[in-house]
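The sequence and the coordinates are shown first.

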Amino acid sequence: VPRSRALTRAKVRLSAPEASRRRQPRLAEDILPPEATLVDLVDNLLNKGVILNAELILALADVDLVYLRLSALLAAADRVVGARPRRR
Amino acid sequence: MAGVYVYGIAGRPPAAAVKGIFGRRLRAIEGARLFAIVEPAARAPKPTVARLRAQARVLAALVAAGGDILPSRFGTFVRRPADVKAELLERGPAFRRGLRAVRGCVQISARIALPGGQARARSPQTTGTAFLRSRAAAAGGEHPAVRALDRAGRAFAKQTRVEADRVAPSIVVHHLVPRRYLRRYLEAFAHAAARKGISITLSGPWPPFAFLDAE
């Protein structure tokens with residue numbers, strides 16, 4: 001990745017917290033546009049987090065299946081996008 | 001509607017009047033001087049992207065109100081609130097340790113495109129074994145890109161976690177960053193990535209999902 005492109009990308013990513021430095025830092029949508037954080041949203045909320053023991057088995061099993069399906073979908077999308085020739 | 005949907009465990013009740021993903025005001029269930037942040041609910045939500053985003057917004061509101069929280073996994077619905085209280089009493093010491101470890105901090109996640117993965121796509125000579133070794137090294141923080149970025153972030157981050165992404169050919173570096181250092185951390189991290197020519201995608205601040213060890 002050319003240095004100029006990485007720098008531009010980094011600046012874009014950081015523009016939101018720079019603009020909002022006077023207030024409390026908030027969650028993902030404040031830094032990145034929603035579509036850019038989907039993979040992190042899926043990974044954090046479906047794959048991580050405190051699990052309580054009480055009566056959760058059915059709900060979590062459902063979530064596990066969805067996580068697997070979404071992971072497969074994101075992986076497929078990543079490969080399709082990655083296989084496309086880059087335009088200069 | 002006797003059940004509750006659990007958003008996380010906190011050291012104090014929610015300071016602001018925050019509404020949950022079902023549109024009801026959040027409340028707290030207390031036990032062992034800890035508070036489970038919950039919303040009355042009849043069932044677990046369907047796991048859709050819209051619901052995931054809604055839950056992230058609720059957590060954002062809780063974190064923005066200044067509270068530390070050990071976030072629950074999506075889908076944490078409990079039929080009887082008394083079971084939540086029992087869980088707080090039983091696992092109180094572990095939850096308190098977890099809250100101490102993340103106090104005043106948020107999680108920033110950096111996805112780093114793996115050179116090994118890119119090389120594999122371009123070069124048919126690269127073996128699967130070499131690729132997997134590259135992934136394993138990356139997961140252990142041995143990848144040069146990870147080392148460079150970790151050095152940049154370590155001055156401000158309290159903890160670091162490195163994961164090989166199971167989905168895309170990339171590594172994810174999670175840093176637990178004190179809020180007061182957040183802007184300086186982001187500047188240092190972006191500067192290091194640009195200087196090294198590393199392609200990264202930052203996201204956050206998140207609640208400390210990647211730093212929930214014993215909880």
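## Nonpolar cores

A nonpolar core is a set of buried Ala, Val, Leu, Ile, Met, Phe, Trp, Tyr and Cys residues joined through side-chain atoms within 4.5 Å. Buried means under 20% relative accessible area, exposed means over 50%, and partly exposed lies in between (1.4 Å probe, protein chains only). The largest such core has 47 residues, of which Tyr7(B), Leu62(B), Ile112(B), Leu149(B) and Ile200(B) touch the most other members. Helix α1 (residues 49–64) of chain B supplies the largest share of this core, 7 residues. Another core, of 21 residues, lies apart from it and includes Val50(A), Ala36(B), Val84(B) and Leu88(B). In soluble globular proteins, nonpolar side chains tend to be buried together.

## Basis of the model

The model is predicted: local features need pLDDT of at least 70, side-chain atom pairs count only at pLDDT 80 or more, and totals for chains, interfaces and linings use all residues. Residues are numbered from 1 along each chain as its sequence is written, chains are lettered from A and ligands numbered from 1 in the order in which they are written, and side-chain values use heavy atoms, with hydrogens and water left out.

## Chain B overall

Chain B has 6 helices and 9 strands; helices (H or I, at least four residues) and strands (E, at least two) are DSSP runs, numbered from the N terminus. Of the 215 residues in chain B, 54% are buried. Its accessible surface is about 9,100 Å², with 52% belonging to carbon and sulfur atoms; accessible areas come from the Shrake-Rupley method with a 1.4 Å probe, and for residues only the protein chains shown count as cover.

Contact means heavy atoms within 4.5 Å. Among the contacts in chain B with a separation of 6 or more, 73% are between residues 24 or more positions apart.

## Salt bridges

A salt bridge is a side-chain nitrogen of Lys or Arg within 4 Å of a carboxyl oxygen of Asp or Glu. By this rule there are 7 salt bridges over all chains. Asp43(A), Lys48(A) and Glu163(B) are linked in a network of them.

Lys48(A) is buried at 10% relative accessibility and Asp43(A) is buried at 11%, whereas Glu163(B) is partly exposed at 26%. In chain B, Asp83(B) forms a salt bridge with Arg80(B), with closest N and O atoms 3.0 Å apart. Asp83(B) is buried at 15%; Arg80(B) is partly exposed at 48%.

## Backbone geometry

Most residues other than glycine have a negative phi, and most peptide bonds are trans. Ala32(B), which is not a glycine, has a positive phi of about 55°, and Arg33(B) has a positive phi near 60°. Ala32(B) is partly exposed at 23%, while Arg33(B) is exposed at 63%.

A cis peptide bond joins Gly204(B) and Pro205(B), with omega about -5°. Pro205(B) is in strand β9 of chain B, and Ser203(B) also lies in β9 (residues 200–206). Ser203(B) is buried, at 0% relative accessibility.
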